[in-house]
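Please consult the sequence and the structure shown here alongside the text.

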Amino acid sequence: MVAGGTETDRLLIDAVACERRIALIRNDRLARLWIDRGGPARFDIHLGRVSKILPEMAAAMVVLDGVADGLLPFDRIDGPLHEGQWVIVQISRLGFEDKGPKLTGRIAIEGLGMILRPNEHPTDAKRGGLVELPRKLKDENRRAVLMTLFKGLIAREEGITLRSLAIDWDDGALAGELGQLRAVWKRAQAALASPAKPVVVFKALSDADQLIERHVMAGGECIVDGSDEFVRLRGLLRARGLDDAHLIRHDGTRLLFDDQDIEDDIATALQPRVPLPGGGWIAIEQTTALCAIDVNAGGSDSDNDQARRAEQVNLRAAPEIVRQLQLRNIGGLVVIDPLRMAGKASRDRFEAALRDAFGPEMSGAVQFGGFTRLGLFELTRQRGGIALGELMQGRLPDPMPTRTAALNFVLRSVIRDMRSGQGGRYRLYLSKDLVADLVPGSHGQQILERAMGMAPELAADESLSRADYRLEKL
């Protein structure tokens, strides 16, 4: 997950509940949304055990710690594999739906300023002992200084990729992070030397953490609602000797996402129908096999020329279709049914509008299939974790909040009540399953205690739906 964009992009971070919600604001509109609830992350490194060889898939199943068994392709690890073998592997793609994670034996240890590949082949001239510097670094003198520094630091079997963020770091900071990444690899080798059970050797930064830290380290504006997250990010900046004026703590009486009208955009992203500026709307229906999107002209600005009207609505729909795919985190096959357009020129303009809206994703994450004989437009988008709808509402025919989504909704709602000036002792009535999630010592209980000054009494009320609650002052 990379924010991309420009220096004018803003990040809004809601970190008041048991999850973090990160909103990317571009041109004063919500462009992307990420929800981080912890758990396994891409690039986590595991000591695993091969449980089954799958010759028909040219892969092996590997038992991991705390995660579903992963699939390790033969071409992603050196040497033969056999059942019972212990291996050091890294998650290259998180699991989704009923699929476990995809693994690789080609380890790349990610740091904030660089990536270390500790087991490159020394005989591979293209990879072993390779130092890769960012293309955006045009200063030849600085490139020469960095190349000399790393050539003196890395071993022949290692590879280093420097991030743009670390171009101006001093030698001590660069060498220090390299030492930290090497220590991770030493821990992995030590675990492999005396295996007892599958373990997580290295917990990588989540995609959300990588996004946030790169943004704030690059000087992008970031507004944070949540004292712990604000303190963490301020400490990160100060540890690097960087100014923190662009890091802003939200301390208003309203929650950050309420104040910035983000909640309305999230609610829209959970609905099948999305209105278009200037009239018309799109309908989005996600199934197991594909995502179908229908463009409709109802209520659009009138135009005597029907063909021109169809093209205008389609061109307004194109950027909103892309925005909704990104907000909803929808991947896989996408089939769009635009209004019928006469002539290849109109279809080409629609495709160009989609291409422009996807922007950097067109470099590999998105592939166009183009128009079919029936006038449908097909594309595929790389999957990037669980879709927003599934995170928030599950897969029921009649969607209702998932248990985790409901818990976070209630926590934010109670905090909202407390910020409006209510105080004192309370009894909090909840659905039975949420009461079970707020046992003493739980993260949610600690959040409530901090917001209310003391832990509320909890009571189950079977008449309440999962995301409902009732506060009774004592």
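Glu229 is buried at a relative accessible area of 7%, where buried means under 20% relative accessible area, exposed over 50% and partly exposed in between (1.4 Å probe, protein chains only). Helices (H or I, at least four residues) and strands (E, at least two) are DSSP runs, numbered from the N terminus.

This is a predicted model: local features need pLDDT of at least 70 and side-chain atom pairs count only at pLDDT 80 or more, while totals for chains, interfaces and linings use all residues. Residues are numbered from 1 along each chain as its sequence is written, and side-chain values use heavy atoms, with hydrogens and water left out.

## Salt bridges across the chain

The count of salt bridges comes to 39. One of them pairs Glu19 with Arg412, with the closest N and O atoms 3.2 Å apart. Glu19 lies in the loop between β1 (10–14) and β2 (20–26) and Arg412 in helix α10 (residues 403–419), so this contact ties together parts that are 393 residues apart in sequence. Glu19 is buried at 2% relative accessibility, and Arg412 is also buried, at 5%.

In another pair, Arg117 meets Glu132, the closest N and O atoms being 3.8 Å apart. Arg117 sits in strand β10 (residues 114–117) and Glu132 in strand β11 (residues 131–132), 15 residues apart. Arg117 is buried, with a relative accessible area of 14%, whereas Glu132 is partly exposed, at 34%.

## A loop arginine

Arg383 occupies the loop between β21 (377–381) and α9 (388–393). Its relative accessible area of 31% makes Arg383 partly exposed.

## Overall fold

The chain contains 12 helices and 24 strands. Of its 474 residues, 46% count as buried. The C-alpha trace spans about 70 × 65 × 50 Å along its principal axes.

The radius of gyration, taken over C-alpha atoms, is compared with a globule rule of 2.2 Å times the number of residues to the power 0.38. For 474 residues a compact globule would have a value near 23 Å, and the 25 Å of the chain agrees.

Technical notes. Salt bridge = Lys/Arg side-chain N within 4 Å of Asp/Glu carboxyl O.
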